[in-house]
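Dear colleague,

Please find below the structure that I am handing over to you, followed by an account of what was found in it.

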Amino acid sequence: MVIIENYFIHYKRPAQLVFAGENYLDIYKYVNKSFQKTRSFDSATIFEQTAESFSAAARELSIAGANAANAIDTGIILNSAYFIFNILDFEKIPFREGLRKEIVEWRLRKVFPENIDDYDHQFYKLDKNKVLSILFKKSLKEKIETLFTQSQVNLTYIGNSTINSIDNVLRQKSSPDFFIEIDGNLVVVVFQKQSLPFYIRKFRGGREDEVVSEIVKTINYVKNSYTQTPRTYSIIANRCQLNLDSIKQELLDQEIKSLELKNKEKLFLPG
(Lines give C-alpha, C1' and ligand atoms only; values in the text may rest on other atoms or scores of the structure.)
Protein backbone atom coordinates (compact mmCIF):
# COMPACT_ATOMS: atom_id res chain seq x y z
CA MET A 1 0.00 0.00 0.00
CA VAL A 2 1.24 3.49 -0.84
CA ILE A 3 0.11 6.44 1.25
CA ILE A 4 0.35 9.67 -0.74
CA GLU A 5 1.24 12.44 1.66
CA ASN A 6 3.99 15.00 2.44
CA TYR A 7 2.52 17.47 -0.02
CA PHE A 8 4.03 20.94 -0.63
CA ILE A 9 5.24 21.52 2.91
CA HIS A 10 6.61 18.72 5.11
CA TYR A 11 3.53 17.09 6.54
CA LYS A 12 2.57 17.65 10.13
CA ARG A 13 -1.13 17.62 10.82
CA PRO A 14 -2.15 21.25 11.49
CA ALA A 15 -4.45 22.15 14.36
CA GLN A 16 -6.86 23.92 11.99
CA LEU A 17 -7.64 23.97 8.28
CA VAL A 18 -9.16 26.17 5.63
CA PHE A 19 -10.89 24.32 2.81
CA ALA A 20 -10.93 26.70 -0.14
CA GLY A 21 -13.83 25.65 -2.34
CA GLU A 22 -15.11 27.10 -5.59
CA ASN A 23 -16.67 30.18 -3.99
CA TYR A 24 -16.52 29.58 -0.26
CA LEU A 25 -14.19 28.91 2.64
CA ASP A 26 -14.83 26.26 5.31
CA ILE A 27 -12.92 26.37 8.60
CA TYR A 28 -12.08 23.09 10.37
CA LYS A 29 -10.47 22.60 13.77
CA TYR A 30 -8.89 19.39 15.03
CA VAL A 31 -10.96 18.28 18.02
CA ASN A 32 -11.25 14.81 19.60
CA LYS A 33 -8.99 13.20 16.98
CA SER A 34 -10.86 14.52 13.94
CA PHE A 35 -11.48 17.74 12.02
CA GLN A 36 -14.76 19.47 12.86
CA LYS A 37 -16.21 22.29 10.74
CA THR A 38 -16.66 25.45 12.80
CA ARG A 39 -17.52 28.19 10.27
CA SER A 40 -18.28 28.72 6.59
CA PHE A 41 -17.83 31.87 4.53
CA ASP A 42 -19.21 32.57 1.07
CA SER A 43 -16.44 34.33 -0.81
CA ALA A 44 -14.46 34.68 -4.00
CA THR A 45 -11.81 32.07 -4.79
CA ILE A 46 -8.82 32.02 -2.47
CA PHE A 47 -6.65 33.53 -5.21
CA GLU A 48 -8.90 36.59 -5.40
CA GLN A 49 -8.84 37.19 -1.65
CA THR A 50 -7.24 40.23 -0.07
CA ALA A 51 -6.22 40.61 3.57
CA GLU A 52 -9.42 42.67 4.02
CA SER A 53 -11.78 40.13 2.43
CA PHE A 54 -10.03 37.28 4.26
CA SER A 55 -10.21 39.07 7.62
CA ALA A 56 -13.39 37.30 8.86
CA ALA A 57 -11.83 33.89 8.22
CA ALA A 58 -8.56 35.05 9.80
CA ARG A 59 -10.45 36.12 12.94
CA GLU A 60 -12.08 32.66 13.14
CA LEU A 61 -8.63 31.10 12.88
CA SER A 62 -7.46 33.40 15.70
CA ILE A 63 -10.46 32.82 17.92
CA ALA A 64 -8.38 31.40 20.78
CA GLY A 65 -7.16 34.90 21.53
CA ALA A 66 -5.35 37.94 20.16
CA ASN A 67 -2.71 36.95 17.61
CA ALA A 68 -3.22 33.28 18.52
CA ALA A 69 -3.10 32.26 14.85
CA ASN A 70 0.57 33.23 14.83
CA ALA A 71 1.24 30.22 17.03
CA ILE A 72 -1.37 27.79 15.68
CA ASP A 73 -0.33 25.49 12.85
CA THR A 74 -2.81 26.17 10.05
CA GLY A 75 -3.28 24.38 6.74
CA ILE A 76 -5.19 25.03 3.57
CA ILE A 77 -6.76 22.45 1.26
CA LEU A 78 -7.41 23.44 -2.35
CA ASN A 79 -9.63 21.66 -4.84
CA SER A 80 -8.06 20.50 -8.09
CA ALA A 81 -9.15 23.37 -10.34
CA TYR A 82 -5.60 24.72 -10.69
CA PHE A 83 -3.68 21.44 -10.43
CA ILE A 84 -2.36 19.36 -13.33
CA PHE A 85 -2.10 15.60 -12.85
CA ASN A 86 -0.06 13.24 -14.99
CA ILE A 87 0.44 9.51 -14.45
CA LEU A 88 3.68 8.55 -16.19
CA ASP A 89 4.79 5.02 -17.13
CA PHE A 90 8.44 3.96 -17.11
CA GLU A 91 10.20 0.72 -17.92
CA LYS A 92 12.17 1.18 -14.72
CA ILE A 93 12.18 3.89 -12.09
CA PRO A 94 15.61 4.69 -10.62
CA PHE A 95 16.05 3.98 -6.92
CA ARG A 96 18.15 7.09 -6.24
CA GLU A 97 15.88 10.06 -5.55
CA GLY A 98 17.97 12.61 -7.48
CA LEU A 99 18.15 10.45 -10.61
CA ARG A 100 14.45 9.64 -10.29
CA LYS A 101 13.60 13.36 -10.24
CA GLU A 102 15.75 13.94 -13.35
CA ILE A 103 14.09 11.20 -15.40
CA VAL A 104 10.55 12.16 -14.28
CA GLU A 105 11.08 15.82 -15.19
CA TRP A 106 12.75 14.85 -18.49
CA ARG A 107 9.64 12.86 -19.41
CA LEU A 108 7.33 15.61 -18.20
CA ARG A 109 9.07 18.25 -20.31
CA LYS A 110 8.40 16.09 -23.37
CA VAL A 111 4.64 15.92 -22.81
CA PHE A 112 3.84 19.18 -21.00
CA PRO A 113 3.55 22.23 -23.29
CA GLU A 114 4.50 24.86 -20.69
CA ASN A 115 7.72 25.54 -18.80
CA ILE A 116 7.61 23.31 -15.72
CA ASP A 117 10.03 25.67 -13.97
CA ASP A 118 7.01 27.94 -13.46
CA TYR A 119 5.34 25.18 -11.44
CA ASP A 120 5.77 23.59 -8.07
CA HIS A 121 6.29 19.96 -9.09
CA GLN A 122 5.65 17.05 -6.74
CA PHE A 123 5.64 13.41 -7.77
CA TYR A 124 5.00 10.08 -6.09
CA LYS A 125 6.05 6.57 -7.04
CA LEU A 126 2.88 4.49 -7.27
CA ASP A 127 4.51 1.15 -8.13
CA LYS A 128 7.66 -0.10 -9.84
CA ASN A 129 6.63 1.47 -13.17
CA LYS A 130 4.26 4.37 -12.48
CA VAL A 131 4.65 7.88 -11.10
CA LEU A 132 1.92 10.38 -10.23
CA SER A 133 3.11 13.89 -11.15
CA ILE A 134 1.37 17.00 -9.79
CA LEU A 135 1.93 20.54 -11.03
CA PHE A 136 0.75 23.73 -9.35
CA LYS A 137 1.74 27.24 -10.44
CA LYS A 138 4.37 28.79 -8.17
CA SER A 139 2.68 32.18 -8.58
CA LEU A 140 -0.56 30.80 -7.09
CA LYS A 141 1.27 29.17 -4.21
CA GLU A 142 3.01 32.48 -3.50
CA LYS A 143 -0.36 34.31 -3.50
CA ILE A 144 -1.64 32.00 -0.77
CA GLU A 145 1.52 32.30 1.30
CA THR A 146 1.41 36.12 1.02
CA LEU A 147 -2.27 36.24 1.99
CA PHE A 148 -1.68 34.17 5.13
CA THR A 149 1.40 36.18 6.07
CA GLN A 150 -0.49 39.47 5.68
CA SER A 151 -3.36 38.02 7.74
CA GLN A 152 -0.93 36.88 10.46
CA VAL A 153 -1.98 33.24 10.18
CA ASN A 154 0.75 30.62 10.55
CA LEU A 155 0.54 28.57 7.33
CA THR A 156 2.33 25.22 7.72
CA TYR A 157 0.56 22.96 5.19
CA ILE A 158 -0.83 23.30 1.68
CA GLY A 159 -2.76 20.30 0.38
CA ASN A 160 -4.96 19.13 -2.45
CA SER A 161 -8.41 17.60 -2.01
CA THR A 162 -7.98 14.92 -4.69
CA ILE A 163 -4.65 13.73 -3.29
CA ASN A 164 -6.15 13.60 0.20
CA SER A 165 -9.13 11.66 -1.16
CA ILE A 166 -6.84 9.13 -2.88
CA ASP A 167 -4.88 8.78 0.35
CA ASN A 168 -7.97 8.31 2.51
CA VAL A 169 -9.65 5.90 0.08
CA LEU A 170 -6.45 3.81 0.16
CA ARG A 171 -6.85 3.47 3.92
CA GLN A 172 -10.31 1.90 3.66
CA LYS A 173 -10.84 -1.85 3.77
CA SER A 174 -12.69 -1.77 0.45
CA SER A 175 -12.06 0.84 -2.23
CA PRO A 176 -14.07 1.47 -5.42
CA ASP A 177 -12.83 1.04 -8.98
CA PHE A 178 -13.27 4.79 -9.34
CA PHE A 179 -14.50 7.73 -7.35
CA ILE A 180 -16.08 11.00 -8.43
CA GLU A 181 -15.05 14.09 -6.48
CA ILE A 182 -17.39 17.07 -6.84
CA ASP A 183 -16.89 20.56 -5.46
CA GLY A 184 -19.33 23.14 -6.78
CA ASN A 185 -19.35 22.44 -10.52
CA LEU A 186 -15.81 20.99 -10.61
CA VAL A 187 -15.78 17.24 -11.25
CA VAL A 188 -12.72 15.01 -10.84
CA VAL A 189 -12.90 11.30 -11.72
CA VAL A 190 -10.15 9.03 -10.37
CA PHE A 191 -9.84 5.45 -11.63
CA GLN A 192 -7.95 2.94 -9.54
CA LYS A 193 -6.48 -0.52 -9.90
CA GLN A 194 -5.57 -2.37 -6.72
CA SER A 195 -6.39 0.87 -4.90
CA LEU A 196 -3.82 2.92 -6.81
CA PRO A 197 -4.77 5.61 -9.38
CA PHE A 198 -4.07 4.94 -13.03
CA TYR A 199 -6.22 7.58 -14.73
CA ILE A 200 -7.47 11.00 -13.55
CA ARG A 201 -9.76 13.34 -15.44
CA LYS A 202 -11.28 16.64 -14.37
CA PHE A 203 -13.90 18.85 -16.03
CA ARG A 204 -16.42 21.55 -15.27
CA GLY A 205 -20.02 20.46 -14.87
CA GLY A 206 -22.97 22.26 -16.40
CA ARG A 207 -26.36 20.62 -16.57
CA GLU A 208 -26.76 17.18 -14.98
CA ASP A 209 -27.16 15.49 -18.37
CA GLU A 210 -23.88 17.02 -19.55
CA VAL A 211 -22.05 15.78 -16.45
CA VAL A 212 -23.54 12.30 -16.80
CA SER A 213 -22.51 12.23 -20.47
CA GLU A 214 -18.92 13.21 -19.59
CA ILE A 215 -18.70 10.56 -16.87
CA VAL A 216 -19.96 7.86 -19.24
CA LYS A 217 -17.54 9.05 -21.91
CA THR A 218 -14.70 8.79 -19.40
CA ILE A 219 -15.73 5.28 -18.33
CA ASN A 220 -15.78 4.15 -21.97
CA TYR A 221 -12.36 5.70 -22.55
CA VAL A 222 -10.95 3.73 -19.61
CA LYS A 223 -12.55 0.53 -20.88
CA ASN A 224 -11.07 0.98 -24.35
CA SER A 225 -7.68 2.42 -23.45
CA TYR A 226 -6.83 0.53 -20.26
CA THR A 227 -8.88 -2.65 -20.77
CA GLN A 228 -10.41 -2.10 -17.34
CA THR A 229 -14.12 -2.52 -16.67
CA PRO A 230 -15.20 -0.54 -13.61
CA ARG A 231 -17.76 -2.30 -11.43
CA THR A 232 -17.92 -0.06 -8.36
CA TYR A 233 -17.80 3.68 -7.67
CA SER A 234 -18.12 6.20 -4.87
CA ILE A 235 -19.03 9.89 -4.82
CA ILE A 236 -17.20 12.42 -2.66
CA ALA A 237 -19.17 15.66 -2.84
CA ASN A 238 -18.85 19.01 -1.11
CA ARG A 239 -21.42 21.75 -1.72
CA CYS A 240 -22.47 19.91 -4.84
CA GLN A 241 -24.62 21.94 -7.23
CA LEU A 242 -25.63 18.85 -9.20
CA ASN A 243 -28.46 16.37 -8.76
CA LEU A 244 -26.53 13.26 -7.79
CA ASP A 245 -29.56 11.01 -8.41
CA SER A 246 -29.16 11.32 -12.17
CA ILE A 247 -25.50 10.30 -11.94
CA LYS A 248 -26.33 7.36 -9.68
CA GLN A 249 -29.14 6.18 -11.96
CA GLU A 250 -26.94 6.26 -15.06
CA LEU A 251 -24.19 4.30 -13.31
CA LEU A 252 -26.79 1.79 -12.09
CA ASP A 253 -27.96 1.43 -15.70
CA GLN A 254 -24.30 0.77 -16.61
CA GLU A 255 -24.29 -2.02 -13.98
CA ILE A 256 -21.81 -0.11 -11.84
CA LYS A 257 -22.62 -0.35 -8.14
CA SER A 258 -22.22 2.31 -5.49
CA LEU A 259 -19.70 1.52 -2.75
CA GLU A 260 -20.18 3.49 0.44
CA LEU A 261 -17.04 4.90 2.01
CA LYS A 262 -16.52 5.61 5.67
CA ASN A 263 -16.30 9.26 6.72
CA LYS A 264 -16.97 10.33 3.11
CA GLU A 265 -17.90 13.88 4.17
CA LYS A 266 -14.25 14.51 5.15
CA LEU A 267 -12.24 12.37 2.73
CA PHE A 268 -10.85 15.50 1.02
CA LEU A 269 -9.16 16.50 4.31
CA PRO A 270 -5.79 15.09 5.44
CA GLY A 271 -6.12 11.78 7.27
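The largest cavity holds about 30 Å³ of space. The structure contains 1 cavity of 30 Å³ or more. A cavity here is a set of points, on a 1 Å grid over the protein atoms alone, where a 1.4 Å probe fits but cannot get out, and lining residues have an atom within 4 Å of a point. Grid points are joined across faces, edges and corners, and the volume is the space filled by probe spheres set on the points.

This is a predicted model, in which local features need pLDDT of at least 70 and side-chain atom pairs count only at pLDDT 80 or more, while totals for chains, interfaces and linings use all residues. Residues are numbered from 1 along each chain as its sequence is written, and side-chain values use heavy atoms, with hydrogens and water left out.

Phe19, Glu181, Ile182, Asp183, Ile236, Asn238 and Phe268 line the largest cavity. Two elements give two or more residues to this lining, namely strand 9 (178–183) and strand 12 (232–238); strand 9 gives the most, with 3 residues. Strands (E, at least two residues) and helices (H or I, at least four) are DSSP runs numbered from the N terminus. By class, the lining has 4 nonpolar, 1 polar and 2 charged residues, where Ala, Val, Leu, Ile, Met, Phe, Trp, Tyr, Cys and Pro count as nonpolar, Asp, Glu, Lys and Arg as charged, and the others, Gly among them, as polar.

Turning to the aromatic residues, the structure holds 16 aromatic pairs. Rings of Phe, Tyr and Trp (its six-membered ring) pair if their centres lie within 6.5 Å; planes under 30 degrees apart count as stacked, over 60 as edge-to-face and the rest as tilted. The pair of Phe198 and Tyr226 is tilted, because the ring planes are at 55°, with the centres 5.1 Å apart. Phe198 lies in strand 11 (residues 196–204) and Tyr226 in helix 5 (residues 208–226), 28 residues apart. Phe198 is buried at 9% relative accessibility, whereas Tyr226, at 30%, is partly exposed (buried means under 20% relative accessible area, exposed over 50%, partly exposed in between; 1.4 Å probe, protein chains only).

Tyr226 also forms a tilted pair with Tyr199, the centres being 5.7 Å apart and the planes at 45°. Tyr199 is buried, with a relative accessible area of 18%. Ring pairs link Phe178, Phe191, Phe198, Tyr199, Tyr221, Tyr226 and Tyr233 into a cluster.

Yours sincerely

Notes: On a 1 Å grid over the protein atoms alone, a cavity is a set of points where a 1.4 Å probe fits but cannot get out, and a pocket is an open set with protein on both sides within 12 Å along at least five of seven lines; lining residues have an atom within 4 Å of a point.
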